Amino acid sequence: AGICNWKITNSRYNIMKVGIVGFGSIGTEVAKALIIGVENFSLYGVVSRSKKNVERRILQLNHQIKIFELETLIEKCDIIIDCAPKEAFREIATQCIENNKILITVSGAGILDNLDLEEMAKEKNTQIILATGAILGLDALRAASESKINSVRMTTRKPPNALSNAPYVIENGIQLDKLLVSKLIFKGSATEGAKAFPANVNVAAAVGLAGIGADKTELEIWADPNLDRNTHKVEVDADSAVFEMSIQNVQTPENPGTGKITGLSVIACLRGLKSPFKIGT
């Protein structure tokens with residue numbers, strides 16, 4: 001989902017330098033793909049707040065990757081991919097906008113908290129792109145929002161280990177480690193859910209941004225000990241169509257709250273920037 005107007009100034013066939021900010025499970029997945037080879041793009045370097053962590057991951061990839069400070073990486077690259085925690089989003093996005101660099105992010109919650117950056121990006125004629133991440137059907141939602149959407153309901157169900165470290169769970173003393181049956185742990189708007197579970201429901205923020213708005217998007221979050229995958233179901237009632245979408249995401253080994261498909265969606269987003277055939281809106 002694009003957030004503002006922008007066009008690629010480079011020739012279609014120029015190699016674009018990509019920088020990755022945040023080198024956890026998502027950033028590593030993207031780096032791995034770029035190392036293997038994504039046509040028209042090359043990995044320039046990474047930024048990570050944990051030097052020990054990034055060095056370990058680089059060693060696992062068995063490939064020389066340069067480590068930079070954020071300001072330098074943004075200056076040197078054409079595209080920045082934000083895989084960092086939500087708290088870092090504003091700083092990353094602001095520097096990208098000021099330097100007129102494309103930003104691809106997986107942080108729907110970060111965008112939701114910083115909607116004022118849209119005007120700033122528009123003035124600089126650059127763009128923040130929210131990758132599809134762990135959800136599906138954003139094309140259909142965006143199309144439906146061109147007319148009238150009556151309601152959007154989203155239900156997220158995750159294994160307890162994917163939710164146990166969420167601020168909302170900790171602050172409210174919700175016990176999930178010995179859960180035997182599914183438990184509703186949150187009900188509210190996507191806006192409220194994104195703040196309560198910043199690392200878990202970027203998908204809810206994305207659904208809100210693509211459709212009727214996060215304030216009007218209804219959200220339920222369940223902890224379910226019978227699941228081994230992160231699942232999301234979205235039900236849409238619009239004047240153009242009534243539809244529902246559901247997905248079961250394989251967890252990444254190091255971060256159970258993140259689906260493996262999230263990193264793959266970033267790679268697909270990159271390819272779409274220069275592909276002669278662009279499938280979907």
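I take buried to mean under 20% relative accessible area, exposed over 50%, and partly exposed in between (1.4 Å probe, protein chains only).

**Entry 1: ground rules.** I am reading a predicted model, where local features need pLDDT of at least 70 and side-chain atom pairs count only at pLDDT 80 or more, while totals for chains, interfaces and linings use all residues. Residues are numbered from 1 along each chain as its sequence is written, and side-chain values use heavy atoms, with hydrogens and water left out.

**Entry 2: confidence.** I checked pLDDT, the predictor's confidence in each residue, from 0 to 100. The chain averages 88, and 93% of the residues score at least 70. Residues 1–12 fall below 50, and this stretch has 33 contacts in the model beyond near neighbours in sequence. Contact here means heavy atoms within 4.5 Å.

**Entry 3: Ser-189.** Is Ser-189 buried or exposed? I found it buried, because its relative accessible area is 11%. Ser-189 sits in strand β7; strands (E, at least two residues) and helices (H or I, at least four) are DSSP runs, numbered from the N terminus. Leaving out residues up to four places away in sequence, Ser-189 touches Ala-214, Asp-215, Thr-217 and Leu-219.

**Entry 4: the sheet.** Next I looked up the sheet around that strand. Five strands form an open sheet with mixed pairing, in the order β7-β8-β6-β9-β10. Two strands pair if DSSP finds at least two bridges between them. At the edges I see β7 (183–189) and β10 (242–249), each pairing on one side only. On average, neighbouring strands of this sheet are turned by 10° against each other, direction ignored. Strands β6 (residues 149–158) and β8 (residues 217–223) run parallel and are joined by seven bridges. Val-152 has Thr-217 in β8 as its bridge partner. Helix α10 packs on the sheet, where it touches β6, β8 and β9 (230–238), and its direction makes about 170° with that of β6. Such angles run from 0 to 180 degrees between N-to-C directions, with axes fitted to C-alpha atoms, for helices over the stretch in contact.

**Entry 5: the cores.** Which residues touch the most other members of the largest nonpolar core? Of its 59 residues, I noted Ile-80, Ile-185, Phe-197 and Val-236. A nonpolar core is a set of buried Ala, Val, Leu, Ile, Met, Phe, Trp, Tyr and Cys residues joined through side-chain atoms within 4.5 Å. Helix α10 (residues 202–210) gives the largest share of this core, six residues. Apart from it lies another core, of 30 residues, including Val-18, Val-46, Ile-79 and Ile-104.

**Entry 6: Ile-79.** I followed Ile-79 to strand β3 (residues 79–82). Ile-79 counts as buried because its relative accessibility is 0%. Residues that Ile-79 touches, not counting those up to four places away in sequence, include Met-16, Val-18, Phe-41, Ile-104 and Leu-273. Met-16 is 63 residues apart from Ile-79 along the chain, yet their C-alpha atoms are separated by 7.2 Å.

**Entry 7: helix α2.** Which residues of α2 (residues 51–61) are buried? I listed Asn-53, Val-54, Arg-57, Ile-58 and Leu-61. Seen down the axis of α2, they fall within an arc of 130°, so they line one face of the helix. The arc is that of the directions from the helix axis to the C-beta atoms. What covers these buried residues includes α1 (25–36) and β2 (41–47). On the face turned away, I found the exposed residues Lys-51, Lys-52, Leu-59 and Gln-60. Just after α2, Asn-62 takes a positive phi of about 55°.
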